[in-house]
Amino acid sequence: MGVKLAYETWGEGSRPLVLLHGFTGSRRAFDGLRPLLGRDVRAVAVDLPGHGATPLPDQRGREAFVETVDALVALVDSLGQGPVDLLGYSQGARVALAAAVRAPDRFGRLIMESGSPGLHRRQERAARREADGQLAAFIRSRGVDAFVDRWEQLPLFDGLRQLPQERKDALRSQRRACTAEGLAGALECLGLGVQPDFWPELHAQRLPTLLLTGALDSKFTQIARRMATELPVVWRHAFEGCGHAPHLEAPEAYAREVLGFLQTPWYEAPQFDSPMTAREGRVTS
């Protein structure tokens, strides 16, 4: 039957927006945006496999990644609301892109925050699978608390350490609510090493796409710049003073960018003479 994704809805708007959290998150990851987006969208906040109330797939590796993407498309179909918009953060951004590539007719617009199309070289994917396997073994042997202590010290999350203590405590509590097997299994099912390489697919991706990063997160800002040269219909914005998680570090500015993108009148998929023509005037920073 395949994995079924747990989710909840919130917001008063009529426009459906599927929200996909990052690793160690859950459907609650975007709760801070409720007062900022809730009047304009009907959010569908999803628990990805191994997080929240969604179980892990029976398989591991690339088959599990594909199964997760199929489950997301099935969830969208079950909503019965026609094409929906997708917003994903980090791990969730990778899953969102995979779904848009797999079933573009199900989606209207795509927002990727601190995401990647994958690793282009086979050796890089193999090395990442090995690293994720070692991290999964650490989680299983040492437990969630020890892992969270290690995870929160990564330079990637320097920006989050500047949050008020109350918000840092809430984020830590959400992370510690995960299970060891859920997190370890998620690395084996959704990690960058098992994700297909979607770089070659970007030139054919016709969904209007918004790429969001923190300007202090140089790695993912550079990835976004590269993606913007490949995607035909794209906007890009880097939030000054932010790291890997702008939706937590600058929620008001983040919400303005998201709503501005979603509310901009659009038109049918354009027919351009060349990829360069498609990109002119579409990228902002």
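## Helix α2 and the residues after it

Helices are DSSP runs of H or I with at least four residues, and they are numbered from the N terminus. The model described here is predicted.

Helix α2 spans residues 62–79 and contains 18 residues. From its first C-alpha to its last, α2 reaches 26 Å, which is close to the 26 Å expected at 1.5 Å a residue. The buried residues of this helix are A64, F65, E67, T68, V69, A71, L72, V73, L75, V76 and L79. As a general rule, an α-helix has 3.6 residues a turn, so residues three or four places apart point the same way.

Just after α2 comes G80, whose phi is positive at about 65 degrees. Q81 belongs to the loop between α2 and β4 (84–89). Because its relative accessibility is 39%, a value between the limits of 20% and 50%, Q81 counts as partly exposed. Leaving aside residues up to four places away in sequence, Q81 touches S14 and P16. Q81 and L262 are 181 residues apart along the chain, and their C-alpha atoms are separated by 16 Å.

## Two loop residues with positive phi

Most residues other than glycine have a negative phi. T24 is not a glycine, yet its phi is positive, at about 75 degrees. T24 is placed in the loop between β2 (15–20) and α1 (34–37). With a relative accessibility of 5%, which is under the 20% limit, T24 counts as buried.

S114 is likewise not a glycine and has a positive phi, of about 50 degrees. The loop that holds S114 lies between β5 (107–113) and α4. Is S114 buried or exposed? Its relative accessibility is 1%, and S114 therefore counts as buried.

## The packing of α4 and α7

Two packed helices are described by the angle between their axes and the distance between the axes. Helix α4 (residues 122–142) packs with helix α7 (residues 180–190) at an angle of about 175 degrees, and their axes are 9 Å apart. Because this angle is over 145 degrees, α4 is roughly antiparallel to α7.

On the α4 side, the contact involves D132, L135, A136, I139 and R140. These residues meet A180, E181, L183, A184, G185, L187 and E188 in α7. Sorted by class, the contact has 7 nonpolar, 1 polar and 4 charged residues.

## The annotated domain

An unreviewed UniProt entry carries the annotation "domain: AB hydrolase-1" for residues 17–256. In the predicted model, this span is 45% helix and 15% strand.

Conventions: Residues are numbered from 1 along each chain as its sequence is written. This is a predicted model: local features need pLDDT of at least 70, side-chain atom pairs count only at pLDDT 80 or more; totals for chains, interfaces and linings use all residues. Side-chain values use heavy atoms; hydrogens and water are left out. UniProt positions are given in the numbering used here, feature names are shortened, and annotations may be inferred rather than shown by experiment. Axes are lines fitted to C-alpha atoms, for helices over the stretch in contact, and angles run from 0 to 180 degrees between N-to-C directions. Angles under 35 degrees count as roughly parallel, over 145 as roughly antiparallel, 65 to 115 as roughly perpendicular and the rest as oblique. Contact means heavy atoms within 4.5 Å. Ala, Val, Leu, Ile, Met, Phe, Trp, Tyr, Cys and Pro count as nonpolar, Asp, Glu, Lys and Arg as charged, and the others, Gly among them, as polar. The expected span of a helix is 1.5 Å times one less than its number of residues. Buried means under 20% relative accessible area, exposed over 50%, partly exposed in between (1.4 Å probe, protein chains only).
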